[in-house]
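Here's a quick briefing to read with the model open beside you. Grab a viewer and follow along.

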Amino acid sequence: MNILGTTKANPCDTENLRKAFRSPQPGRRMILGKETIDEVIFCTPKLRDRLFLELQDRSGLRIGEVLRLKVIDIEGRKLNLSLPKSGRESEEAYMPESLATRLNAYILDRNLGLEARIFPLTYSGGRRIVKAAGERIGVVLRPHDLRRHSATYASRSGVPLEVVSKVILRHKNLVTTQLYLELIRK
C-alpha cells in the first residue's frame, strides 16, 4: 500500500524474475538408500549410462569429472582426474575392481583411443541420463545425489571420516566433509 491507501503492483514482480531468483530449497537433502541406488543402476538398460551412474556412485565422482574422463586417465582401478574442482592440477579417485573390469571391457569393445573421452556427452546430456534413471524407478535423482550417497554409505559403513574426506570426496578440508555429511550444522 502506498500513502493514499491504494495498492500498486510491483514492477519487478514478474514470472520471469520469480523463476530467475528463486529462494533456495529449505531443509535437508534426502539420502537415497543403497537398495534404491542399486535399483536405479541395475534398471538402466544402456551399458554406457550404467557405467556413467556407477562411476558417480561407486567412486564419488562429480558429473564433470566423469564427463572429462579419457581412456588415458585409467590405470587399473585408479582414475587420474584432470582439472578437478579443487583447483589442483590433478587428483586421483578409485573404483571397485568389478567396475574397472566392466569399464575396460566397454573401452575395448568400442575401440576407443587413448585421448578419446569415454563419455562424449554434454553436461546437460549427463544430467538427463541421471534424471531418466531415477524416473525409471520413480525417484527424483540429481547427479550430486550419487556422490552424496557414495560418501554417506561409506561413512555409515564405518569408513573413517578422514578417508571419506580425502579419498572418496577429495575435499581439502575435513570441515567441508562434515558439513556435506551433515555431521555438523553451519
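Predicted model: local features only at pLDDT ≥ 70, side-chain atom pairs only at ≥ 80, totals over all residues.

Residues are numbered from 1 along each chain as its sequence is written, and side-chain values use heavy atoms, with hydrogens and water left out.

**Aromatic rings**

- Searching the whole structure turns up two aromatic pairs (Phe, Tyr or Trp rings, the six-membered one for Trp, with centres within 6.5 Å; planes under 30 degrees apart are stacked, over 60 edge-to-face, the rest tilted).
- Phe52 and Phe119 have ring centres 5.5 Å apart and planes at 80°, so they count as edge-to-face.
- Phe52 belongs to helix H3 (residues 47-59) and Phe119 to the loop between helix H5 (97-109) and helix H6 (123-137), so this pair ties together parts 67 residues apart in sequence (helices, H or I with at least four residues, and strands, E with at least two, are DSSP runs numbered from the N terminus).
- Phe52 is buried, at a relative accessible area of 0% (buried is under 20%, exposed over 50%, partly exposed in between, using a 1.4 Å probe and protein chains only).
- Phe119 is buried too, with a relative accessible area of 0%.
- Tyr106 and Phe119 make a stacked pair, 6.3 Å from centre to centre with 20° between the planes.
- Put together, Phe52, Tyr106 and Phe119 are one aromatic cluster.

**A charge over a ring**

- Lys34 has its charged end over the ring of Tyr153, 5.4 Å from the ring centre (the rule: NZ of Lys or CZ of Arg within 6 Å of the centre and within 35 degrees of the ring normal).

**Arg62**

- You'll find Arg62 in the loop between H3 and helix H4 (63-68), and Arg62 is buried, with a relative accessible area of 15%.
- Leaving out residues up to four places away in sequence, Arg62 touches Gln56, Lys85, Arg147, Leu169, Arg170 and His171 (contact is heavy atoms within 4.5 Å).

**Strands**

- Strand S1 (residues 74-75) and strand S2 (residues 78-82) pair in the antiparallel sense over two bridges (pairing takes at least two DSSP bridges).
- S1 and S2 form a hairpin with two residues between them, and Gly76 in the turn has a positive phi of about 65°.
- S2 also pairs with strand S3 (residues 90-94), antiparallel over five bridges.
- Lys78 in S2 stands opposite Glu75, and Lys78 also stands opposite Tyr94 in S3.
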